[in-house]
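Please find below some short notes for a first reading of this structure. They are set out as numbered points.

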Amino acid sequence: MFSRPSLCGTVGKLCRCGTSATGKTAVAAATVPTARHYHEVVGDIICPSQVRGIDHIRDPRLNKGLAFTLEERQTLGIHGLQPARFKTQEEQLQLCKIAVNRYTEPLNKYLYLSDLYDRNERLFFRFLSENIEDLMPIVYTPTVGLACQRFGLIYRRPHGLFITYNDRGHIFDVMKNWPEPNVRAICVTDGERILGLGDLGACGMGIPVGKLALYTALAGIKPHQCLPIVVDVGTNNIDLLEDPLYVGLRQKRVVGREYDEFIDEFMEAVVQRYGQNTLIQFEDFGNHNAFRFLDKYRNTYCTFNDDIQGTASVAVAGLYASKRITGKSFKDYTFLFAGAGEAAIGIADLTVKAMVQDGVPIEEAYNRIYMVDIDGLLTKSRKVGNLDGHKIHYAKDINPMSDLAEIVSTIKPSVLIGASAAAGIFTPEILRTMADNNERPVVFALSNPTSKAECTAEDAYKHTDARVIFSSGSPFPPVQIGDKTFYPGQGNNAYIFPGVGLGVICTGTHHIPDEMFLIAAQELANFVEPSDIERGSLYPPLSSIRNVSMNIAVGVTKCAYDRGLASTYPEPQDKRKWLENQLYNFNYESSMPASWVWPRMPYIKTREESPLIAAIK
């Protein structure tokens, strides 16, 4: 939806002239030059000699709608192509609000915003950035999940690159087709685990598109520097394979060595095309691949996995904020995770780092975290399930248990975190047990979309006598309990990844350590005001994300230079001002080429002109 390739116009063919057999010159072939559609600008710098007047209306990056002044309309040759009314950008924003609110269905609002971006880039991003509380659920969760499910139906035009398994050996050639020369951030998915919806194959494009729209709206990263990509290796979703509207490869997923070699080629092609410091954000890969790729590439590429590290950072920020309510430190907490996938493991790993930073020995930190997967509690003696990869760190030497209610009753956790995509597993019984065992129980229901949440905000407050410290991954409406209204905070990754991305891009960081995500969590927690906590939220209002992102970017920038990870030198002294100078401008700029006045030349008497022949002699 919100990212668009810059498609250059067709260049007219030259006439080919030749000589006939009789010696007379004849036109062997003559073609009328094909008129280009329009010259769509690329990069940061617009070349006025390459942009026609009509391009300013047709190119979304140049278009200002009715905001063109009379001088601009007349000089550019577009006067008369628009009605007589002149509108400021502020007036256009008011019209956008009216237009989007006409629609009652979220998917229709999504399509309206998509159309707005396709015709007026600056207006779209300013509208999104200034109305983030209302529009975040539209451009991202939960509506983006529905957009992915309907992708084959709503697809209109290219929104990013689709690199298929059939392109192996030619991935760099495909990437050359993206006309932007200065891409700094790539968000890539293979569509295998889209939110909590499962394998959506090529329809998962909505996720990287939405993520990168938030890069610009929330952190001011220039939109032309962002590139959404789907690596299409097929899908195992039978419904999609049989769906006549499916737009991806109609085949089962490629797996094993062939799949790994394909991803290797993709990573190498990114570096060949855009350079070693290009940020590559992995998004919604299957659990069995997400950690493998993070471990494989994190020390050789500028990369991170938002499902693992971004989710971890925003969750740990909520845990930091919860300490202000419970009055306890991390060493007093016992954690139980419902779910042992990439999100849960990521949160647990970063929680361990946070505890160690607070002075807790690492072994004790691991011992305070319990984890449940589909086969029950992770224990060293259980006979079912596996303890592959990072799970082994959280396996306990206790008797196996499979019933979540029994596990909660036995372990008595002070913090219950859901990252299972199993709707409703935090039953009233479990919530009451949490309340019986804790004065202020901490419950995070983080699964997306809303239909996959482990419990609703209303259930969490209702079954804990409103003593719960609650957070969710998707938005929930306010909850009225007695005479008090609670406004549950959403632990949205959008608090984290735009700011991290801004700091990484501007500094030219070549590797991204977990320390940066712990810094991001701390910066986010520091932004939480007492008034936020009083209203029931562990996070600041969504309207403040731009300020949060800048604080995170400053922290990441300091870390990059302190750790020797940056490649942009010299190191700026005033890092905040330096970052601000690199942000995208949401406001309209003049469409007129720059002009200036030359001083009058001084009078100098010249000699008489002499004939050329005389001069030669």
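1. Which are the buried residues of helix α18 (residues 428-437)? They are Ile430, Leu431, Thr433, Met434 and Ala435. Buried means under 20% relative accessible area, with exposed over 50% and partly exposed in between (1.4 Å probe, protein chains only). Helices (H or I, at least four residues) and strands (E, at least two) are DSSP runs, numbered from the N terminus.

2. The model is predicted: local features need pLDDT of at least 70, side-chain atom pairs count only at pLDDT 80 or more, and totals for chains, interfaces and linings use all residues. Residues are numbered from 1 along each chain as its sequence is written, and side-chain values use heavy atoms, leaving out hydrogens and water.

3. The buried residues of α18 pack against α17 (404-411), β11 (415-418), β12 (442-445) and α19 (457-462). Contact here means heavy atoms within 4.5 Å.

4. In its unreviewed entry, UniProt lists Tyr140 and Lys211 for "active site"; such annotations may be inferred rather than shown by experiment. These residues are spread over 72 residues of sequence, yet they cluster in space, the largest C-alpha distance being 7.4 Å.

5. Tyr140 is placed in the loop between α6 (132-139) and α7 (143-149). Tyr140 counts as buried because its relative accessibility is 5%. Leaving aside neighbours within four places in sequence, Tyr140 is in contact with residues including Lys211, Glu283 and Asn492.

6. Lys211 lies in helix α10 (residues 206-219). Lys211 has 1% relative accessibility and therefore counts as buried. Not counting residues up to four places away in sequence, Lys211 touches several residues, among them Tyr140, Asp306 and Phe497.
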